[in-house]
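Student: Please take me through this model and set each label against its cut-off.

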2 protein chains.
Amino acid sequence: MTAHLLTIGDEILIGQIVDTNSSWMSRQLNLQGIQVTGKSSVGDTRAAIIDGIKNAAAKADIIIMTGGLGPTKDDITKKTLAEFFDSDMQFHQEVFDLIAAYFTKVGRKMPESIRDQATLPSKATILHNKVGTASGMWFDQENKVYISLPGVPFEMEYLMQREVLPRIKDKFPGNPIVHRTLLTAGEGESAIAQRLDVFEDTLPEHIKLAYLPSLGQVRLRLSGFGDATVAGRTEAELQEQLDQLKQTLLNLLPDLVYGQEEESLPKVIGNILLAQGKQFGTAESCTGGYVSHLITSIPGSSRYFPGTVVTYAYELKTKLLGVRPETLLKEGAVSEATVREMAEGALDTLGVDVALAISGIAGPDGGLPDKPVGTVWIAVADRHRTIAEKHIFGRDRLKNIQLTGIYGLNLVRRFLLGMV
Amino acid sequence: MTAHLLTIGDEILIGQIVDTNSSWMSRQLNLQGIQVTGKSSVGDTRAAIIDGIKNAAAKADIIIMTGGLGPTKDDITKKTLAEFFDSDMQFHQEVFDLIAAYFTKVGRKMPESIRDQATLPSKATILHNKVGTASGMWFDQENKVYISLPGVPFEMEYLMQREVLPRIKDKFPGNPIVHRTLLTAGEGESAIAQRLDVFEDTLPEHIKLAYLPSLGQVRLRLSGFGDATVAGRTEAELQEQLDQLKQTLLNLLPDLVYGQEEESLPKVIGNILLAQGKQFGTAESCTGGYVSHLITSIPGSSRYFPGTVVTYAYELKTKLLGVRPETLLKEGAVSEATVREMAEGALDTLGVDVALAISGIAGPDGGLPDKPVGTVWIAVADRHRTIAEKHIFGRDRLKNIQLTGIYGLNLVRRFLLGMV
């Protein structure tokens, strides 16, 4: 069973927003064994929308459209859908009541234009939206399904989970696709590929390995494509094959793999801290609170993370972390000596068992002859020892901050596990 | 002149990565007056790639492909391009030397598989990549241009800026498209649309207004579509028309607009702080350093931002910010009294003129009968006064953190400008 995702809206084509919906939808569809074979984006014109739908329908069984359903005037999707499915438009009192209830709930006055939102093509099965004002629509035509959803991510997610995925499951019980993902940090795609050369050659036809690089990390994804009618390729057999291959990968790359599937470095570190019963905190200069933000993005992080000090200014490094003024004067803020004192000072200031300290030159300016932009010192300390390492990243400020976050957290992980 | 963007790779279709390239490329092409009329994504198979190229070529003059050029085995783009353009493959010594130089520069050993990276279709004009190992390729065929670029964002950006955009400018001097964007916070799309109803009705045919909502914000984008041969629609005339319309919008929404174009709330606040010669800091609980991260993402923020304390734990609120234990005991951490004491305490702890304090329940757990998940108190203080406001957001942790960041920064902006 295949799906095609079609995003509608000039805002995508003009590049003013990044399409995060498609990747979320793809993952959800994959979990139901539905393969997304294509995605496309078209602008807010009748001709482009109709062309987009026709192209999508030529390639897939399920066509999911997002966007083009808001209350403002740049939205013509609904009318075009009515035309495409040869349907008239119909006012739905129950949809209007739902929208009115939504406005009451969020405590805002309902604008006049909202009435249009309750007028929908009569051939559509309406997917009721309780978290916004644009209804989803479901059309059946010639063994294919066409679904239209609002583009606001949490409204789309609500409708997918509550209305779309259960209906798709009923209508299309498909062939299984099974994935296993391992998360690595510390090596590039080519180097990993070289270590996995023999492994890849032994993979059966129906199992693929993909390398998904991102800043400072590479995800390794094994995908098995099943067929319920073929021996050795049922879902249960696939699951078992992939579990074995995953274990083989773990044995081949013990130094690089930090987690699996939907885990993240902050989550992995949180679990280690909970298991070890330790409190952790950060003292950040060039990352400006980014590492703290990563850690506290994890629900329940208050159990192991009391807090952070961000000390951009020299004076705060001394006042809040006890870094000696002579260290700053002699070695500079971006130095092994300073970052060690920051980490050790943070243990007391924050009252934690383990602390991460970071000081660097994020850029784009501020480099020195012996310390170019991108130079970062990272230290991890507990009551017994402090380790420090230096990195030289690039010239892009945000990338430097993010890379430092990943390398810093990976150093904490290895410190906690006794690997450094 | 039109362009179509084609991303190649299962990693996009399976949803394991979000496509940020397309939006960046669209913006760059738009700045050159090239309209992106469509985007699509296909998987890593010969048939899908060929089908994708044919569809794209049927709709646009410039076809830009990204992805499918890495050194690992899931990449077949290059061979398929050679087939599509009826070209043989050719080893390029100068490309190989460039890749070798790249590995030397980043200090890594060159894997064997890299040799393949220097073998390219002979009909391609090679776009030399000095920041990675995959070359870009440029094919001319029947008045259309086909460009293939690596999918790693900074490699793609490097090649676009250095190789692709200058060549496109030479080859296709096109009609102008001009944009103006205003950034608003504090009202939803429908409410703004209602206030702009009359304004929209007076817009000429060739100028469009779009609403681009995102978390807590709405961007308003005016787009003018020019034609160098039509009076009133030359680029200079468009620029003037849009400037006037932008001013009208500013007059219609003085309370909502915080900035323009590529500005951001942290940038706008930074500029106000610099103009007023003030130092600013944050004391964060539920946002966990996110606001600090936003502020310090701006280059040069160290001039007005000495630092932050993140006080997740009660004890740190008292120790680092001087919040009285009896306040925490009587009112709780998420209360007007606590957040006011945090803001006032931060003035001294961080040595700043203005401080933002935040305390809330980010969720998904931790709600109380009188304080549901999503309850957030925000305060801003200087030496003369402290103001505080309460918000009740939703149940999603990350969304609550991000919304709190936007509302918090917007309160700081209005505080600095004397609007509250």
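Tutor: Start with Glu261(B), found in the loop between β12 and α10 (265-276) of chain B. Helices (H or I, at least four residues) and strands (E, at least two) are DSSP runs, numbered from the N terminus. This is a predicted model, in which local features need pLDDT of at least 70 and side-chain atom pairs count only at pLDDT 80 or more, while totals for chains, interfaces and linings use all residues. Residues are numbered from 1 along each chain as its sequence is written, and chains are lettered from A and ligands numbered from 1 in the order in which they are written.

Student: Why is Glu261(B) called exposed?

Tutor: A residue is exposed if 12 or fewer other C-beta atoms, placed from the backbone, lie within 10 Å of its own, buried if 20 or more do, and partly exposed in between. Glu261(B) has 12 other C-beta atoms within 10 Å and therefore counts as exposed. Its phi is near 50 degrees, a positive value in a residue other than glycine.

Student: What makes Asp86(B) exposed, and where does Asp86(B) lie?

Tutor: Asp86(B) has 9 C-beta neighbours inside 10 Å, so it counts as exposed. Asp86(B) lies in the loop between α4 (77-84) and β4 (89-91) of chain B, and its phi, near 55 degrees, is positive in a residue other than glycine.

Student: Which residues does Arg46(B) contact, leaving aside its neighbours within four places in sequence?

Tutor: Ile76(B) and Thr80(B). Contact means that the C-beta atoms of two residues, placed from the backbone, lie within 7 Å. The C-alpha atoms of Arg46(B) and Thr80(B) are separated by 5.8 Å, although the two residues are 34 apart along the chain.

Student: How do you know that the length of helix α10 of chain A agrees with its number of residues?

Tutor: The expected span is 1.5 Å times one less than the number of residues. For the 12 residues of α10(A) (265-276) that gives 16 Å, and the end C-alpha atoms are 16 Å apart, so the two agree. Leu265(A), Pro266(A), Val268(A), Ile269(A), Gly270(A) and Leu273(A) are buried in α10(A). The buried residues of this helix pack against β12 (257-260), β13 (280-284), α11 (290-296) and α15 (397-416) of chain A. Just after α10(A), Gly277(A) takes a positive phi of about 65 degrees.

Student: What makes strand β16 of chain A mostly covered?

Tutor: 7 of the 7 residues of β16(A) (375-381) are buried. Thr375(A), Trp377(A), Ala379(A) and Ala381(A) point one way, and Val376(A), Ile378(A) and Val380(A) the other way.

Student: Which strands does β16(A) pair with?

Tutor: Two strands pair if DSSP finds at least two bridges between them. β15(A) (354-360) joins β16(A) over 6 bridges, and β17(A) (386-392) joins β16(A) over 7 bridges, both in the antiparallel sense. Gly360(A) stands opposite Val376(A), while Lys390(A) is the bridge partner of Trp377(A). β16(A) and β17(A) form a hairpin with 4 residues between them. In the loop between β15 and β16 of chain A lies Pro364(A), joined to Gly363(A) by a cis peptide bond with omega about 5 degrees.

Student: What joins chain A to chain B through strand β14?

Tutor: 5 bridges link β14(A) (307-311) to β14(B) (307-311), and the strands run antiparallel. Val309(A) stands opposite Val309(B). In total, 78 residues of chain A are in contact with 78 residues of chain B. The chain A side has 30 nonpolar, 31 polar and 17 charged residues, where Ala, Val, Leu, Ile, Met, Phe, Trp, Tyr, Cys and Pro count as nonpolar, Asp, Glu, Lys and Arg as charged, and the others, Gly among them, as polar.
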